[in-house]
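Try each task before reading its solution.

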Amino acid sequence: MKLDSKIPSGPLAEKWTNYKASQKLVNPANKRKLDIIVVGTGLAGASAAASLGAMGFNVDIFCIQDSPRRAHSIAAQGGINAAKNYQNDGDSVERLFRDTIKGGDYRAREANVYRLAEVSGAIIDQCVAQGVPFARDYGGLLDNRSFGGAQVSRTFYAKGQTGQQLLLGAYGALSREIARGTVKLHTRCEMMDLVVVDGRAKGIIVRNLVNGDLERYAAHAVVLATGGYGNLYYLSTNAMNSNGSAAWVCHRKGAAFANPCYVQIHPTCIPVHGDYQSKLTLMSESLRNDGRIWVPKKKEDAEAIRAGKLRPTDLREEDRDYYLERRYPAFGNLVPRDVASRAAKERCDAGYGVGTGYAVYLDFADAIQRLGRKAIEEKYGNLFQMYQKITDENPYETPMMIYPAIHYTMGGLWVDYELQTTIPGLFAAGEANFSDHGANRLGASALMQGLADGYFVLPYTLQNYLANQINVGKIKPEGAEFDEAERSVKTRIDRLLSNSSPLTPHSSLLTVDHFHKRLGKIMWEYCGMARSAESLAQAKQLVTELEEEFWKSVFVPGSANEFNPELEKAYRLEDYFELAQLVIADALHREESCGGHFRTEHQTEDGETLRDDERFMYVAAWEYQGHGKPETMEKEPLVYEHIQISKRNYK
Amino acid sequence: MRFTLHIWRQESARAKGHFETYAIDNISADCSFLEMLDQLNERLINDRIAHPVCFDNDCREGICGMCGLYINGRPHGNDDGITTCQLHMRKFKDGDDIWIEPWRAKAFPVIRDLVVDRSAFDKIIQAGGYISTTTGGVPDANAIPIPKHQADMAMDAAACIGCGACVAACKNASAMLFVGAKVSHLALLPQGKIEAADRVRKMVAKMDELGFGSCTNTYACEAECPKLIQRQDISRLNRHWIGSLFGRDRK
């Protein structure tokens with residue numbers, strides 16, 4: 001495997017312009033002859049399909065939900081960054097670029113990040129033209145707020161439902177193309193395998209989730225926009241059906257997987273409350289604009305609160321420890337997510353946690369006093385309501401309780417500057433790729449990246465690839481490669497369904513969820529917010545044992561040819577076992593701390609991440625070697641020509 | 001807590017459905033309704049009682065619009081402004097009987113058990129529920145100022161999650177609140193005015209074609225909408241629709 005990042009030459013600020021000026025184009029008559037498959041209908045997938053369809057390509061788009069509007073981008077709350085400088089507070093493309101590189105702890109590619117910052121403004125223009133109802137001020141112009149890791153206000157938002165509104169904008173554009181006939185929509189369809197012919201991605205095998213049929217689709221290029229693998233940890237802020245399988249089958253077919261150990265843990269989620277719990281709910285980072293995070297200063301107060309003998313509102317100001325403001329005076333409550341998460345864990349581990357002991361307060365009392373309850377209601381009303389429905393507590397009167405949870409995965413399929421994976425013809429966009437966030441993503445940058453990839457990057461780079469495919473002619477979903485891919489999917493499904501014979505005693509069989517929960521616990525405990533060589537070795541062992549147990553005693557009810565959600569969970573979990581091993585291996589090899597990856601052996605005296613730029617300033621791209629075999633790793637060195645590398649400091 | 005569940009079971013679209021009764025106990029009051037069903041399924045699988053109950057769900061935080069159960073005669077159950085996944089067992093009394101059904105509407109055929117096919121909603125949107133823009137070549141975002149109250153009203157209408165509770169609540173299975181919300185969202189914005197007349201006519205025609213019923217102004221839809229979409233959006237739809245037949249914009 002050879003990694004060629006294909007970064008265009010020239011000064012950083014001119015790379016993208018130069019690329020666009022020299023890329024190959026496809027004329028309108030030829031566009032009609034070229035087919036593209038897009039998997040996933042979130043921000044990246046929907047915007048890519050809508051743009052490519054409008055350009056004149058034939059697009060087939062697939063999603064596992066009943067409608068493209070349900071993709072998990074819909075749940076993003078806080079906002080989307082763009083270097084518009086509408087607030088006149090000193091923002092610029094250069095500034096957004098620097099913040100993103102620094103936020104990612106100097107582990108992202110300069111050229112990609114610069115391009116992202118460069119197209120960010122056009123995204124906002126596009127969304128407004130589509131009718132996205134962004135928040136406005138009384139003069140009728142667009143309003144902004146601040147997010148972690150930035151000292152300017154560059155985040156555009158639509159109440160606490162920004163992801164929803166952006167996705168509905170893209171869904172509208174997609175719907176228009178569906179009506180025009182340029183895009184064909186396939187709902188309740190799950191990608192099960194990638195078909196590679198003569199070294200190029202030429203099609204996919206999907207499972208129709210309603211009747212279980214396996215279907216084949218062929219195209220000149222495949223775009224994967226299937227999101228991240230956060231659900232590996234079972235409890236996460238991801239939707240129940242979000243999964244890593246589509247990316248993983250591509251990895252099995254030869255696509256390199258980059259930086260799998262970079263997992264983002266979001267500091268403000270509603271804490272875990274019971275074993276039956278199925279997911280964790282995020283409370284938007286935007287709340288940290290006005291909320292102050294604290295725990296009791298004295299251990300005895302924390303104990304009294306945990307025992308229910310003391311209420312948080314009883315504690316005087318001087319008995320509270322606003323630990324983020326104390327440790328990071330310059331950024332205060334708006335430090336990046338990884339920093340805020342670790343600080344919460346540190347306080348709770350030291351015995352100052354509230355609730356079950358694994359929670360800290362997010363307090364709005366000051367803001368309510370300063371701005372009035374109505375202003376807070378207008379800004380965060382839907383989030384407060386969501387919190388109250390779940391916890392039965394009123395956040396206007398008592399501080400919210402929050403704790404970090406798995407949220408986003410910076411790692412993903414390795415892609416070059418053109419968003420092409422190591423398999424020619426296979427592209428990856430949005431959270432599914434690894435490209436822009438380094439070791440930690442800043443808040444409100446996921447929406448930016450998804451839409452940048454779909455609206456403004458893929459339409460150019462995909463065209464550059466397709467220009468060489470004009471003479472290939474129509475690709476039919478037949479031949480040995482398609483047969484083989486379909487057969488292997490069928491074998492996998494049959495194996496899961498026949499895992500238990502009718503003779504196996506009931507008592508020794510367990511559900512898929514049972515194993516998924518245990519896998520999640522292992523990963524959270526040994527490969528979560530803090531990792532060490534020792535904990536990772538343990539994780540490796542435990543996951544191996546769990547997988548063996550899974551094959552001994554998992555029971556998947558029903559058959560392959562029916563609507564069968566248990567079967568879906570089973571084949572996704574099967575992939576998670578392999579993915580978990582890769583996350584562990586990557587975390588073990590990276591003997592440094594950076595961003596979301598925190599190795600306890602590598603920290604400063606005051607508990608901050610300690611990078612080792614000499615040894616680890618590279619992207620780790622892993623290549624699959626077969627089930628149970630250690631993967632091999634290629635390094636893509638990160639070269640910083642433009643930015644001055646420094647210690648990440650938010651103090 | 002302990003409950004007696006009466007759940008609609010139907011193997012496929014063509015099969016005949018019926019209610020099945022299951023007892024469940026040891027449920028925490030802080031548990032969500034769907035987590036209660038998860039626990040029922042865990043037991044149905046472990047004890048080989050029956051195929052687990054199928055129900056749609058995804059984000060479990062009230063925004064994707066995937067979940068939707070008809071619980072004790074109310075879409076999304078006995079609480080206001082929530083989706084089924086946001087309903088918690090503390091809203092029930094220990095020992096309650098709970099009746100769980102799918103959305104019932106001609107335009108939403110059952111796929112299995114409590115799962116229905118809502119692709120009719122996508123088709124209505126495809127008929128014109130968007131502003132026709134292609135990527136690129138649009139004006140600067142601040143080139144069109146929009147009064148704050150108008151933008152806020154558009155946002156309120158745009159909050160619809162397309163879950164279908166309005167249709168399930170309506171005795172006529174009308175989709176007027178869903179369509180009204182989209183028509184209002186776009187018609188309230190200057191960008192959306194250009195195609196407004198065409199849009200409303202096409203969307204209403206598609207809605208009728210797909211077998212949704214008529215609106216008889218009972219507003220059960222408004223009462224059950226998890227996102228509190230208002231009936232004013234239906235009035236606005238009617239106004240625009242009539243205007244599109246007789247107004248200047250008529251084509």
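**Exercise 1. Work out which residues join helix 15 of chain A to helix 17 of chain A, and how the two helices lie.**

Step 1: list the contact, meaning heavy atoms within 4.5 Å. From helix 15 of chain A come V512(A), D513(A), F515(A), H516(A), L519(A) and M523(A), and they meet E566(A), K569(A), A570(A), L573(A), Y576(A), F577(A), A580(A), V583(A) and I584(A) in helix 17 of chain A.

Step 2: sort them by class. You get 11 nonpolar, 1 polar and 3 charged residues. Here Ala, Val, Leu, Ile, Met, Phe, Trp, Tyr, Cys and Pro count as nonpolar, Asp, Glu, Lys and Arg as charged, and the others, Gly among them, as polar.

Step 3: check the geometry. Helix 15 (residues 512-526) of chain A packs against helix 17 of chain A at about 20°, the axes being 10 Å apart. That angle makes the two helices roughly parallel. The cut-offs are under 35 degrees for roughly parallel, over 145 for roughly antiparallel, 65 to 115 for roughly perpendicular, and oblique for the rest. Axes are lines fitted to C-alpha atoms, for helices over the stretch in contact, with angles from 0 to 180 degrees between N-to-C directions.

Step 4: Helix 15 of chain A passes helix 17 of chain A in a left-handed crossing, meaning that the near helix is turned anticlockwise from the far one by less than a right angle (clockwise would be right-handed).

Before you go on, some ground rules: this is a predicted model, where local features need pLDDT of at least 70 and side-chain atom pairs count only at pLDDT 80 or more, while totals for chains, interfaces and linings use all residues. Residues are numbered from 1 along each chain as its sequence is written, chains are lettered from A and ligands numbered from 1 in the order in which they are written, and side-chain values use heavy atoms, leaving out hydrogens and water. Helices (H or I, at least four residues) and strands (E, at least two) are DSSP runs, numbered from the N terminus.

**Exercise 2. Find the strand order of the parallel sheet in chain A and say which strands stand at its edges.**

Step 1: trace the pairs (DSSP must find at least two bridges between two strands). The open sheet has 5 strands in the order 5-2-1-9-17, with parallel pairing.

Step 2: look at the ends. Strand 5 (183-186) and strand 17 (426-428) of chain A each have a single partner strand, so one side of each lacks a neighbour in the sheet.

Step 3: zoom in on one pair. Strand 2 (residues 58-62) of chain A joins strand 5 of chain A through 4 bridges, and V59(A) has V183(A) as a bridge partner.

Step 4: Helix 13 (residues 446-466) of chain A touches strand 1 (35-39), strand 9 (221-224) and strand 17 of chain A, and its direction makes about 155° with that of strand 9 of chain A.

**Exercise 3. Which parts does the salt bridge of E592(A) and R107(A) tie together?**

Step 1: find the pair. The side chains of E592(A) and R107(A) meet at 2.8 Å, N to O; the cut-off is a side-chain nitrogen of Lys or Arg within 4 Å of a carboxyl oxygen of Asp or Glu.

Step 2: E592(A) is in the loop between helix 17 (565-589) and helix 18 (613-616) of chain A, and R107(A) is in the loop between helix 4 and helix 5 of chain A, so the pair ties together parts 485 residues apart in sequence.
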